[in-house]
Amino acid sequence: IFFQKSSRAKEIDILISKGLVFNGQGTPPQEADIAIKGDKIYRITTNINPDKAKRIINARGLAVAPGFIDAHSHTDIELMVNPKAESQVRQGVTTEISGNCGSSPFPIASSIYEEKKKYYKDEYDLELDWRDINGFFNRLMKKGIGLNYATLVGHGSLRGEVVGYYDQPASKKEMEMMKKILAENLKAGALGLSTGLIYPPGSYASTEEIVELCHEVTRARGVYATHMRDEGDKILEAIGEALHIARETKVSLQISHLKVSYPRNWPKIKKVISVLEKARAQGIKLLADRYPYIAGANDLADSLFPQWALQGTTAEFIKQLKKPSLQTKFRKHMKKYEQKIGSWEKVLISDVSTQKNKIYEGKNILEASKAARKNPFEFIRDLLIEEENRVGKIVFYGREENLKEILSHPLVVIGADGSAVAPYGILNKGNPHPRLYGTFPRVLGRYARQEKIFTLARAIQKMTSLTARKFNLHRRGQIRQGYFADLTLFDPDTVMDSAVWTQPKQYPKGIETVIVNGRIVVDKGNHTGVLAGKILKK
């Protein structure tokens, strides 16, 4: 009888005791106990009997928040390589929304299947054995995953499958095929569609093509997330295109990593904000996301070479780079880019594939080209050829005042624009952007606590309920009875990013406990190895 009573008494799996609870809705916190049973929040009150709990976490002095939701992620195959998602969960992230900027790991076009297969094997020792969203989801869950994963359909991947990787309009038949595949992906659980309108092949699509596809997204009550056609000289025109698409289709619009790039465009920030506020007031369902840094990251070739040169396969691009007849055109294009950024010192080499060129990782283009005894153009061209276009870059394009204005705006949520990596194993590559390790603690520590551009409660809201509501994540993003137990406990006085430009692979400070679906994934700052994540389908 004694053991029966004891078993019944332990009705709570985890009791979080006396924490400062932020419910995720932007309201001031309150001290409370939180009881977790299974994968749900069972009870929230001021005095829960600790004898009923199997595990007690003393949260006195700690903030207890909903698990952070990364609104803009590029994680996909990284979870197959290392399912623990260390760089993300150690920031307090419990859910990622991936498939952004027009790129998703499905559908994989026949024309690039062998190239992609070789890349995954060479870079990650990973066997490619899927083509579509269902195959990808099945492969993803073979080992389990350390956080919740949701994804959009990448328009570039979709267009590559149907139209190809060349600058040509979609035929009527191809348009119908893209809509059919998109509808199937949305039915299979994708949250919506993303575009990368500066990246081939998405950049070859007309506005009308995106409008047609977004009608499918609206029918499925999904989200359209866009890396716009321009974020610098023609940013207002690019915003106009995004808003036009939203008006025509009534789609829920998410503007990816909102920014105003390059010094000559920085004064446009007021106009940019004004246009977005007006659109929202007119009824457009609109949010944007942003990371807390004034530098971005992408492939080295992006923006440095004209769109026509980037068509087709990697082998075709490398062939173009080698043509003597094109060198003058490439030089002119790159000169214009240099004028926009101001100096090659503002572009860093973040990662390469071959051991020979590892010496350039972390160096800016000016430093690296001098070390190679070449001018910047020759250095970039030769490096891309040697690395088969597998080179990453970091670009300092922004200013701090604009960043603060964007981060603090009510229409902006937080997205790291990175991937789940780790400072060990196969994912320990290069000199990555610090946002991969520091985004969410940096918002809490630097911008809420130190800079005070918003309250801690408002910062948490931008990381949780606003994003959950935007992407229709069921019962997530808030601390409420019956909601999934995704929770992050941190010290509000010490939480801060540790990752810096010269040493980016550093976990943050102050993140004490992370719970995913009712299971402890980070305990006293250490990863437990638990893989409690789920695929979140629309």
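How many nonpolar, polar and charged residues does the lining of the largest cavity have, by class? In this predicted model, that lining has five nonpolar, two polar and three charged residues. The residues concerned are K259, V260, R290, I294, Y397, G398, R399, N402, L403 and I406, and the element that gives the most to the lining is helix α15, spanning residues 400-408, which supplies three residues.

Rolling a probe the size of a water molecule over the atoms shows where empty space is left. When the whole structure is searched in this manner, three cavities of 30 Å³ or more are found, and the largest cavity has a volume of about 50 Å³.

We turn now to the sheet. Three strands form an open sheet in the order β14-β16-β15, and their pairing is antiparallel. The edge strands, each of which pairs on one side only, are β14, covering 295-299, and β15, covering 347-351, while the twist from one strand to the next averages 30°. Strands of a sheet pair through backbone hydrogen bonds, either parallel or antiparallel.

Methods
Residues are numbered from 1 along each chain as its sequence is written. This is a predicted model: local features need pLDDT of at least 70, side-chain atom pairs count only at pLDDT 80 or more; totals for chains, interfaces and linings use all residues. Side-chain values use heavy atoms; hydrogens and water are left out. Two strands pair if DSSP finds at least two bridges between them. Helices (H or I, at least four residues) and strands (E, at least two) are DSSP runs, numbered from the N terminus. Axes are lines fitted to C-alpha atoms, for helices over the stretch in contact, and angles run from 0 to 180 degrees between N-to-C directions. On a 1 Å grid over the protein atoms alone, a cavity is a set of points where a 1.4 Å probe fits but cannot get out, and a pocket is an open set with protein on both sides within 12 Å along at least five of seven lines; lining residues have an atom within 4 Å of a point. Grid points are joined across faces, edges and corners, and a volume is the space filled by probe spheres set on the points. Ala, Val, Leu, Ile, Met, Phe, Trp, Tyr, Cys and Pro count as nonpolar, Asp, Glu, Lys and Arg as charged, and the others, Gly among them, as polar.
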